[in-house]
Amino acid sequence: MEANLFLHQTLSKIITLAFAGLFSVYSFFSGVKEVKTEKPDNFEPVLRFVVCSDIHLGEDENGKKNAEKLRKLFDKAYEIAEKSEVYTELDAILVAGDFTEQGKIEEYEIYKEITEEKLKNGTQLLTCLGNHEQIAYRDTANPEKATEVFQEYIGTEADTHNVINGYHFIGVSYDDTGEEAFKTKTEWLRTELDKAVAETGEKPVFVYQHPHPALSVYGSVNWANMDIRMVLKDYPQVVDFSGHSHYAANDPRSIHQSTFTAIGCGAVTGAMGNLSYISGDAYGDGESGTFWICEVDDGGNVRLRLYDVISDCFYENIDYYLTDLADKSRRAYTWGRMMAQDTPPVFPDSAELTVSNDEEGNTLVTFPEAQGYYRAENYKITLSRNGEKIKDLIVLSDYTRATDFEKTVNLGVLENGEYEIKVRAYSPYAKKGDTKVWEFGKGETPLVDSTVTGGNAE
């Protein structure tokens, strides 16, 4: 297990550095100086829309939970718009695929019921196909039926080009082959982008599709499509939204500017992370779900804020401001810049460990989250009993939620003995932070909530 931990962390560091090198080359050769991204006090939107992905509606228990999250998304989005000081409209809701679990008609009916119930006059619903909309038809003699069902129940073509308040929205779906490819769509996408740019010039053009453009946002190593990237790279005005990976949208790697701007949507169904880029996908503990609120002013400046559906609040430090989108020298959210801001996460000086048992006799430990410039993304945990190491764990932090600042880890059923737990914090860019060490004992009497103070720094 120790070798596996070492391999995971080594791979993470190597690939993180490789990405940093690749994406920083752009900044180096373009001679970019530091770009401030604070939203001006006089920012007045003329367009507001919501973007989400990966709802996964279904008839099972999880699908029903996701239905409630979608209803809540509509309610909160309208509430945010109506409470705004200057512009109170919600002009569109974009759903970047995987709104159903398998693309079954029954699941489409759930989606249609919710959207018809919640959608208000003046708000356009823009939806594209994800891979899950293809599942029920993929291995049949008629895989193109996935698109036919989409067109029947959504009421639009699978690929759409809309203009809202003078801004262009282009949604592109997978090929009709059921193979999760875009090869037959690239010419159409390029044609529609040319039309948009000819009309609006340097103002942003909003594109959405299910998978990430390859080598862009968090998750675009193994949940991505290169065909889409090869088109978008020629259009610096593009702001692209994608899902598919479920990777946490609040992660700083979920915004990326290079030849265009890419935004990862996370997932309404729940946020996931990858602890080594190669393997180790893991959902955050408990319920989670996010959506973006995007506002645009008449000059083409874009403000992006991320909302936590579970905590009913915005993520405090995620308020991105995109300006001069067509000017590649004004890229504020490059991989290199975001990584340069990263600092090793540290625990509070008075960090305490709480130890307890659940009903099944598992030992649970809870400790405060570590914080650097960004919140810690993951922890490497080593557990020893009577001086002998017995367990290594890699766990995703609870940074996937806006208001949870403690992490609880299930250590399983432990034998009696004297235990030492070592917790090492790592940032989203694989920077090693604090290591805390706590000791606790387990005897014949089951543990009741007990607190271990004075965790030592290694």
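Contact here means heavy atoms within 4.5 Å. With that in hand, welcome to a quick tour of this predicted model. The protein chain holds eight helices and 25 strands, and buried residues make up 58% of its 458 residues. Of the contacts with a separation of 6 or more, 68% join residues 24 or more positions apart.

**Cysteine 52 and strand β1**

- Cysteine 52 sits in strand β1, which spans residues 45–52.
- Beyond its neighbours up to four places away in sequence, cysteine 52 touches Leu73, Leu94, Val95, Ala96, Cys265, Val268, Thr290 and Phe291.
- Cysteine 52 has a relative accessible area of 0%, so it counts as buried.
- Threonine 127 is 75 residues from cysteine 52 along the chain, and their C-alpha atoms are separated by 9.9 Å.

**Two nonpolar cores**

- The largest nonpolar core has 38 residues, and those with the most contacts inside it are Phe49, Phe169, Phe206, Phe241, Trp292 and Leu304.
- Strand β16 (residues 313–322) gives this core its largest share, five residues.
- Apart from this core lies another, of 32 residues, including Cys52, Ala81, Tyr108 and Phe150.
- As background, nonpolar side chains tend to be buried together in soluble globular proteins.
- Back in the largest core, Leu304 is one of the residues with the most contacts. Setting aside residues up to four places away in sequence, leucine 304 touches Phe241, Ile263, Trp292, Ile293, Cys294, Ile318, Asp319, Tyr320 and Leu322.

**The second largest pocket**

- About 350 Å³ of space lies in the second largest pocket.
- Its lining has 20 residues, of which Lys83, Ser84, Glu85, Glu295 and Arg305 are the closest to the pocket centre.
- Sorted by class, the lining has eleven charged, seven nonpolar and two polar residues.
- At least two lining residues come from each of β1 (45–52), α2 (61–82) and β15 (302–308).

**Buried residues in helices**

- Leucine 189 belongs to helix α6 (residues 186–200).
- With a relative accessibility of 1%, leucine 189 is buried.
- Outside the four places on either side in sequence, the contacts of leucine 189 are Ile170, Val207, Ile228, Val231 and Leu232.
- Glycine 171 is 18 residues from leucine 189 in sequence, and the C-alpha to C-alpha distance is 8.7 Å.
- Tyrosine 153 is part of helix α5 (residues 145–154).
- Tyrosine 153 also counts as buried, at a relative accessible area of 17%, because buried means under 20%.
- Glutamate 109 and tyrosine 153 are 44 residues apart in sequence, with 7.6 Å between their C-alpha atoms.

**Loops and backbone angles**

- Glycine 178 lies in the loop between β5 (167–171) and α6, and its relative accessible area of 4% makes it buried.
- Leaving out neighbours within four places in sequence, glycine 178 is in contact with Gln134, Arg138 and Pro143.
- From glycine 178 to glutamate 144 the C-alpha to C-alpha distance is 7.0 Å, across 34 residues of sequence.
- Histidine 246 is found in the loop between β9 (238–242) and β10 (255–257).
- Although histidine 246 is not a glycine, it has a positive phi of about 70°. Histidine 246 is buried too, with a relative accessibility of 7%.
- Asparagine 386 sits in the loop between β19 (378–385) and β20. Its phi is near 50°, again a positive value in a residue other than glycine.

- Aspartate 392 has a relative accessible area of 5%, so it is buried.

Methods: Residues are numbered from 1 along each chain as its sequence is written. This is a predicted model: local features need pLDDT of at least 70, side-chain atom pairs count only at pLDDT 80 or more; totals for chains, interfaces and linings use all residues. Side-chain values use heavy atoms; hydrogens and water are left out. On a 1 Å grid over the protein atoms alone, a cavity is a set of points where a 1.4 Å probe fits but cannot get out, and a pocket is an open set with protein on both sides within 12 Å along at least five of seven lines; lining residues have an atom within 4 Å of a point. Grid points are joined across faces, edges and corners, and a volume is the space filled by probe spheres set on the points. Helices (H or I, at least four residues) and strands (E, at least two) are DSSP runs, numbered from the N terminus. Ala, Val, Leu, Ile, Met, Phe, Trp, Tyr, Cys and Pro count as nonpolar, Asp, Glu, Lys and Arg as charged, and the others, Gly among them, as polar. A nonpolar core is a set of buried Ala, Val, Leu, Ile, Met, Phe, Trp, Tyr and Cys residues joined through side-chain atoms within 4.5 Å. Buried means under 20% relative accessible area, exposed over 50%, partly exposed in between (1.4 Å probe, protein chains only).
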